[in-house]
Amino acid sequence: MPLIKTPPPHGGKLVDRVVKKREIAEKMIAGCPTFELKPTTLPDGTPIRHVYREIMSVCYGFFSPVEGSMVQNELERVLNERRLLSEWIFPYPILFDVSEEDYKALNVKEGDRLLLMLKGQPFATIDIEEIYKIDPVDVATRTFGTPEKNPEVVREPFNDKHPGYVIYKMHNPVIIAGKYTIVNEPKFKEPFDRFWFPPAKCREVIKNEKKWRTVIAHQTRNVPHVGHEMLMKCAAYTGDIEPCNGILVNAIIGAKRRGDYPDEAILEGHEAVNKYGYIKPERHMVTFTFWDMRYGNPIESLLHGVIRQNMGCTHHMFGRDHAAVGEYYDIYATQILWSEGIPSFGFEAPPNEVDYGLKIIPQNMAEFWYCPVCQEIAYSESCGHTDAKQKFSGSFLRGMVAEGVFPPRVVMRPEVYKQIVKWWKVYNYPFVNRRYLEMKNKELEIDLPAMEVPKA
Amino acid sequence: MPHYISVILDDERYEKIKGTPLEEKITYLFGGQLKSLIVEVPEEKSEKILKAFDKARIDSRGYIEDVPVAFRRAVFEEIAKAKSLDVIDKVLERLDDLVEAGKKEDEYIPPPEIE
Ligand SMILES: [Zn+2]
């Protein structure tokens with residue numbers, strides 16, 4: 001087997017749609033009609049998505065080769081076959097949606113350029129290629145699948161308890177399709193600034209600073225406990241002639257469910273793993289991607305593959321119940337996709353074995369638990385003392401954290417726990433609650449420099 | 001099938017039950033690093049708990065999780081008072097108060113006093 005090399009970006013080339021020169025940006029936006037971006041909310045007003053995060057991920061190349069909001073034919077192709085019109089595989093509809101009222105008030109048409117404002121400042125443009133209508137419930141249903149159409153992995157019909165389904169269901173019915181361009185580069189707040197490695201930058205750091213030839217990606221939306229740490233360490237033993245040189249943690253940052261940990265604690269919790277030597281920084285680095293998580297298990301795993309291949313990873317670890325919530329999908333759905341494919345979702349073979357597919361190599365992993373007989377943290381496929389297993393349960397840990405009990409170091413590293421407490425003191429709460437969601441939604445993770453819109 | 005509530009013993013709580021018959025019932029997990037007492041909850045009583053707290057759920061190990069801190073603290077208080085694990089009825093007597101206390105926890109939980 002030849003040595004593994006960094007794969008090319010998905011689609012061949014990283015998307016870079018960020019205008020850095022102020023004069024060029026000003027010319028682009030002169031005289032444009034403007035639209036202030038709004039969050040997608042539940043009927044009770046709770047924010048569940050902010051399209052600015054998708055615009056960031058598109059323009060900085062995380063979702064390469066996607067360049068903007070999809071036209072209707074592309075939306076249909078993604079829903080039917082999980083492919084773009086350019087043939088490259090892609091899992092999710094990426095849409096710029098507005099309400100009927102906003103559309104009427106905007107009075108824009110195909111060929112126009114619309115300036116998208118954020119926090120009162122110019123942020124990005126969309127060059128309108130097409131305007132069409134969707135039935136959001138239909139898009140939501142087809143995005144995630146149904147037990148009838150996708151019997152391989154869908155176990156229950158999706159409903160309002162599924163956060164990803166609800167995000168699509170709450171999309172507005174008018175879709176404005178076209179390429180996004182960021183015209184006013186945002187400034188990141190702490191601590192997000194430290195972890196911002198868009199794909200081009202991330203590839204450069206991997207190659208020139210870290211000097212990693214092989215890198216395995218770890219998906220996270222959690223503060224890591226020792227079970228996660230063992231997953232990272234052990235999955236990284238894959239590679240070629242040696243274990244993977246690097247472990248790239250990529251946190252998904254966006255609207256969260258109540259009861260999850262705040263984004264800041266997630267990032268700094270993972271950082272503590274390397275800062276305090278549990279996996280030394282020479283081998284471990286923490287990054288994030290903006291995305292209001294859709295919890296789409298196998299579908300989400302495809303997006304994870306796209307993002308991390310674009311960031312320069314050679315491998316991706318996938319656990320049981322990957323990016324899942326509830327029991328809508330088979331708990332092995334992601335692993336089924338990456339080991340044999342899911343024909344009803346357009347994959348007769350795994351996503352890295354089809355034409356125009358991914359090049360990142362999956363590493364499917366089972367579970368870790370503490371075994372009192374082995375007296376170590378054991379791998380479920382190795383340890384034969386199943387009856388004696390002591391599982392790392394996220395909800396058990398949440399209970400311990402809320403009660404103010406210091407977790408033992410074999411369960412959660414003390415330095416990681418202290419990051420939870422640090423942000424607990426800031427927000428007066430250890431987990432995401434409504435107040436946190438509303439505050440995050442108003443303040444966002446970024447600020448925008450002041451910028452005038454010149455007259456045409 | 002009965003469900004369970006795990007009551008974690010940190011040093012402070014351990015002092016309160018030291019020397020009582022409860023000491024023999026301590027479960028040691030994770031190589032002895034985690035001490036806990038396990039309260040068995042018959043199914044009809046765990047249903048009451050799930051109904052009272054909307055976030056509460058049974059995890060894959062059969063443990064009742066995501067209940068308010070006030071509820072967990074009450075379980076330990078009753079254990080310490082009775083020096084017994086047979087306390088779930090006592091806790092359920094306080095359920096209305098605990099539901100009220102739990103509602104406030106959506107807004108504020110005091111952080112622990114560590115640096
Ligand atoms: Zn064992």
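Let me start with one atom pair. The backbone nitrogen of A:Asp102 sits 3.1 Å from a polar atom of the A:Ser99 side chain. That is a polar contact: a pair of N or O atoms within 3.5 Å, where, within protein, one must be able to donate a hydrogen and the other to accept it, and residues adjacent in sequence count only if both atoms are side-chain atoms.

Ground rules next. This is a predicted model: local features need pLDDT of at least 70, side-chain atom pairs count only at pLDDT 80 or more, and totals for chains, interfaces and linings use all residues. Residues are numbered from 1 along each chain as its sequence is written, chains are lettered from A and ligands numbered from 1 in the order in which they are written, and side-chain values use heavy atoms, with hydrogens and water left out.

Back to A:Ser99. It lies in the loop between β5 (97-98) and α4 (100-106) of chain A. Helices (H or I, at least four residues) and strands (E, at least two) are DSSP runs, numbered from the N terminus. A:Ser99 counts as buried, because its relative accessibility is 13%. Buried means under 20% relative accessible area, exposed over 50%, partly exposed in between, with a 1.4 Å probe and protein chains only. Not counting residues up to four places away in sequence, A:Ser99 touches A:Asn172, A:Pro173 and A:Val174. Contact here means heavy atoms within 4.5 Å.

Second residue: A:His228. It lies in helix α8, residues 226-235. A polar atom of the A:His228 side chain lies 3.0 Å from the backbone nitrogen of A:His225. Is A:His228 buried or exposed? Buried, at 18% relative accessibility. Leaving aside neighbours within four places in sequence, A:His228 is in contact with A:Asn222 and A:Val223.

With neighbours within four places set aside, its contacts include A:Leu79, A:Tyr92 and A:Ile299. A:Lys38 is 105 residues away along the chain, and the two C-alpha atoms are separated by 23 Å.

Now the whole chain. Chain A has 14 helices and 18 strands. Its radius of gyration is 22 Å, close to the 23 Å that the globule rule gives for 456 residues, so chain A is as compact as a globular protein of that length. That radius is taken over C-alpha atoms, and the rule is 2.2 Å times the number of residues to the power 0.38. Of the 456 residues, 63% count as buried. Among contacts between residues at least 6 apart in sequence, 76% join residues at least 24 apart.
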